[in-house]
Amino acid sequence: MAHINFVELPARNLKEAKAFYESVFGWSLTDFGPDYACTMTGNVDLGLQGDATEAPAAPLPVVCVENLEAAQKAVIQAGGTLSKAPFSFPGGRRFHFRDPNGMEMAIMQAD
C-alpha cells in the first residue's frame, strides 16, 4: 500500500538544521554525503536537503510505492505532470511531479 515515507525540507545550512532538529526533538540524522541527512526511524522520516540546486522550495512529501513505473503512469493519467524524471538515490529510485493544483510531491520505490 502506498504511504508517505518521508518529508524533505530545504536546509540552507545543513549543519545548523541537523543541530536544531537533534536538539529540539532528540532525533538522530544520518548523513548521505555532504549535502543531505535524514532520520532513519522506518516510520515517516525527515530529510534535509542542503544542496540549494536540489532543495525543494517547500516541504516535499515523498510517497513510497511498490511499482514506480505504474505510479508514474497513474500520475500522468490523472492529470499530474512530471517535474523531475526518475532517478536513483541511496535506497531506491524516485521521481517528482506536480498535481493538477501545482503541489510538488515525489514518489519513490525502495530497493
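Two strands are said to pair if DSSP finds at least two bridges between them. In the predicted model described here, 8 strands form an open sheet in the order β2-β3-β4-β1-β5-β8-β7-β6, and the pairing within this sheet is mixed. The edges of the sheet are strands β2 (30–31) and β6, each of which pairs on one side only.

Strand β6 (residues 81–89) runs antiparallel to strand β7 (residues 92–98), and 6 bridges join the two. Within this pair, F89 stands opposite G92 in β7. The hairpin of β6 and β7 has 2 residues between the strands, and G91 takes a positive phi near 110° there. Strand β7 also pairs with β8, again in the antiparallel sense, over 7 bridges. Here the bridge partner of R98 is E104, a residue of β8.

Strand β5 (residues 60–64) contains L60. With a relative accessible area of 2%, L60 is classed as buried, because the class covers residues under 20%. Although L60 and A106 are 46 residues apart in sequence, their C-alpha atoms are 7.0 Å apart in space.

The largest pocket of the model has a volume of about 620 Å³. Its lining comprises 28 residues, of which F6, Y36, C38, F89 and P90 are the closest to the pocket centre. At least two lining residues are supplied by each of β1 (3–10), β3 (36–38), β4 (45–49), β6, β7 and β8 (104–110).

The surface of the model carries a nonpolar patch. This patch is formed by F20, V24, F25 and W27, which together have about 400 Å² of accessible area. One of these residues, F25, belongs to helix α1 (residues 14–25). The relative accessibility of F25 is 47%, and F25 therefore counts as partly exposed, since that class lies between the limits of 20% and 50%.

Terms used: Residues numbered from 1 in each chain as written. Predicted model: local features only at pLDDT ≥ 70, side-chain atom pairs only at ≥ 80, totals over all residues. Heavy atoms only, no water. Patch = residues over 30% accessible without salt bridge, like charges linked within 9 Å, V, L, I, M, F, W, Y side chains within 5 Å. Areas by Shrake-Rupley, 256 points an atom, 1.4 Å probe, with all protein chains shown as cover. Salt bridge = Lys/Arg side-chain N within 4 Å of Asp/Glu carboxyl O. Helix = DSSP H or I, 4+ residues; strand = E, 2+ residues; numbered from the N terminus. Buried < 20%, exposed > 50% of the residue type's maximum accessible area, 1.4 Å probe, protein only. 1 Å grid on protein atoms, 1.4 Å probe; cavity = no way out; pocket = protein on both sides within 12 Å on 5 of 7 lines; lining within 4 Å. Points joined across faces, edges and corners; volume = space filled by probe spheres on them.
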